[in-house]
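Here is a short walk through one structure, strand by strand and helix by helix. Have the viewer open as you read.

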Amino acid sequence: MDFRHQISSPDALASHTCDALVLVVTGDAVDPALDAPLAAALSDALAHGDLTLKAGKSIYIHRPAGIRAARVAFVAAGGSTVKAFKAAVANGIKLVNSSGAKHVAIGLAGAGSLTDAHAEAVVTAARECTYLYRHTKPSAPAASKLDKVTLLCTKADVKAVQLGVARGHAIAAGVNLAREWANRPGNHCTPTHLADVAKKLGKEYALKVEVLDRKACEKLGMGSFLSVAQASTEPLRFIVARYDGAPKAQAPVVLVGKGITFDTGGISLKPGGEMDEMKYDMGGAASVLGTLRAIAELKPKLNLVCIIPSCENMPAGNAVKPGDVVTSMSGQTIEILNTDAEGRLILCDALTYAERFKPAVVVDVATLTGACVIALGHHHSGLFTADDKVAGQMQAASQKSLDPCWRMPLDEEYDAGLKSNFADMANIGGRPGGAITAAMFLKRFTAKYPWAHLDIAGTAWKSGAAKGATGRPVPLLTHFVLAQVG
């Protein structure tokens with residue numbers, strides 16, 4: 001999809017040439033700055049009750065008099081925030097997407113300034129609305145005809161809009177990559193497939209990509225990671241990808257993504273209902289790859305390392321058993337009380353591996369606990385960190401990206417739940433505060449650098465009729481990484 005900007009004043013929108021014109025109404029009345037034909041159409045819709053200026057309301061007009069565009073959609077934002085603007089844009093694109101429109105122009109129905117955040121929101125909304133999974137579904141509906149989106153702005157807003165369009169394009173492409181690979185079934189997205197995605201990105205953007213196999217992981221002493229993978233016939237892959245946009249002396253940002261391409265729970269077998277959704281258990285890995293793609297396209301002056309431990313968690317005669325004790329790469333021993341708490345077992349060795357890069361900050365991303373879904377639902381990702389500076393940066397990035405997270409506690413009292421009589425720690429605590437004790441487990445492997453953990457179990461995918469991956473938290477991670485540029 002081609003995204004562009006074009007200078008246009010509010011009193012010249014009716015003369016703009018496009019297949020469909022989507023105008024966002026941010027106020028509670030017709031703006032006098034809006035040109036006459038559009039003002040008349042909007043006033044008529046309001047007068048006859050066909051439109052009210054409340055969030056989520058809209059109207060589609062076909063071939064309106066005096067307006068060059070064949071289709072016009074007025075969409076009410078219900079407020080002046082970027083979040084409200086993005087929701088309105090998405091509503092407008094959905095209205096015209098099923099038509100024959102190939103070129104959609106988007107603007108404000110009246111006076112107002114557009115920032116880089118507004119421009120980014122237009123691009124990401126358009127890509128989200130037109131994404132369609134079809135890799136294993138040849139009977140999927142035809143792809144959207146929409147192939148060009150123009151953001152109409154004033155001359156004063158051009159520089160900001162250009163910046164936002166470029167950033168939005170990179171983030172949207174990263175989100176789509178994450179969605180695509182998380183949506184693919186476990187037999188179409190194995191650890192080997194994820195490694196191939198990283199290698200492809202490496203070739204496209206001149207990145208350094210290294211893929212470690214079982215033998216290499218054994219040599220490194222990754223006993224925790226290896227224990228999860230040992231019952232699967234699919235070979236594990238430990239993926240390391242590097243974007244070098246700054247001098248080598250500059251400490252990198254490190255992202256670590258959980259890459260369980262299918263999670264049965266192992267010997268601690270999950271219930272059969274909705275187990276198909278466990279193909280999404282590599283949502284952390286998918287989001288890290290999506291972020292890597294976004295950063296590689298934007299080319300900021302920083303260094304980024306992406307680490308993805310990837311395997312399946314399967315039951316078999318040689319599977320790890322409840323009560324088994326394994327030795328992690330750090331040398332700490334772990335009593336595995338529940339084999340379905342496997343994400344932390346692969347992440348802990350990746351977090352130890354990250355030490356070799358002497359990172360400025362490490363963020364791990366994982367569909368880690370159902371407890372986080374109970375705590376926060378499906379809107380906020382769970383943020384865990386003992387570092388107030390990192391917490392502030394993550395929360396600022398979440399607000400700017402419209403990809404929200406919520407900081408959870410990490411008080412030392414929660415650590416008591418991981419005590420074991422037979423190892424340095426157990427891999428689970430009790431049911432209370434399950435997302436917190438999972439984060440406390442990971443924290444034990446992060447003493448040598450600033451660290452944050454994102455639990456995305458409630459935000460990486462949707463269930464029900466809208467079942468599918470969301471691509472979150474690619475926007476949050478991309479903004480966080482970009483904020484690290486000196």
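Predicted model: local features only at pLDDT ≥ 70, side-chain atom pairs only at ≥ 80, totals over all residues.

The pairing belongs to strand β5 (residues 103-108) and strand β6 (residues 148-153), which run parallel and are joined by 4 bridges.

Zoom out and you'll find these strands in an open sheet of 6 strands, ordered β1-β6-β5-β2-β4-β3, where the pairing is mixed. At the edges sit β1 (2-7) and β3 (58-62), each of which pairs on one side only. On average, neighbouring strands of this sheet are turned by 20° against each other, with direction ignored.

## Two helices across that sheet

Helix α2 lies across β2 (20-25), β3, β4 (71-76) and β5, and runs at about 150° to β4. Helix α3, for its part, lies across β1, β5 and β6, at about 155° to β6.

How do the two helices sit against each other? A pair of packed helices is described by the angle between the axes and the distance between them. For α2 (residues 82-97) and α3 (residues 116-130), the angle is about 40° and the axes are 9 Å apart. The two are therefore oblique to each other, and their crossing is right-handed.

Which residues make the contact? From α2 come V82, F85, K86, V89, A90, I93, K94 and N97, and they meet A117, H118, A121, V122, T124, A125, A126, E128, C129 and T130 in α3. Sorted by class, this contact has 11 nonpolar, 4 polar and 3 charged residues.

## The buried strand β14

Of its 6 residues, 6 are buried, so the strand is largely enclosed by the rest of the structure. As a general point, side chains in a regular strand alternate between the two faces of the sheet. In β14 both faces are covered: V361, V363 and V365 are buried on one side, and V362, D364 and A366 are buried on the other. So what about D364, the aspartate in that list? D364 is buried along with the rest of its face.

## A three-stranded sheet

There is also an open sheet of 3 strands in the order β12-β13-β17, again with mixed pairing. Its edge strands are β12 (324-327) and β17 (425-426), and each pairs on one side only. Strand β13 (residues 333-336) runs parallel to β17, with 2 bridges joining them. To find that spot in the viewer, look for E335, which stands opposite A426 in β17.

## A stop at S43

For a spatial reference, the C-alpha atoms of S43 and A29 are separated by 8.6 Å, and the two residues are 14 residues apart along the chain.

Terms used. Residues numbered from 1 in each chain as written. Heavy atoms only, no water. Axes fitted to C-alpha atoms, helices over the stretch in contact; angles between N-to-C directions. Parallel < 35°, antiparallel > 145°, perpendicular 65-115°, else oblique. Left-handed = near helix turned anticlockwise from the far one by under 90°. Contact = heavy atoms within 4.5 Å. Nonpolar A, V, L, I, M, F, W, Y, C, P; charged D, E, K, R; others polar. Buried < 20%, exposed > 50% of the residue type's maximum accessible area, 1.4 Å probe, protein only. Pairing = 2+ DSSP bridges.
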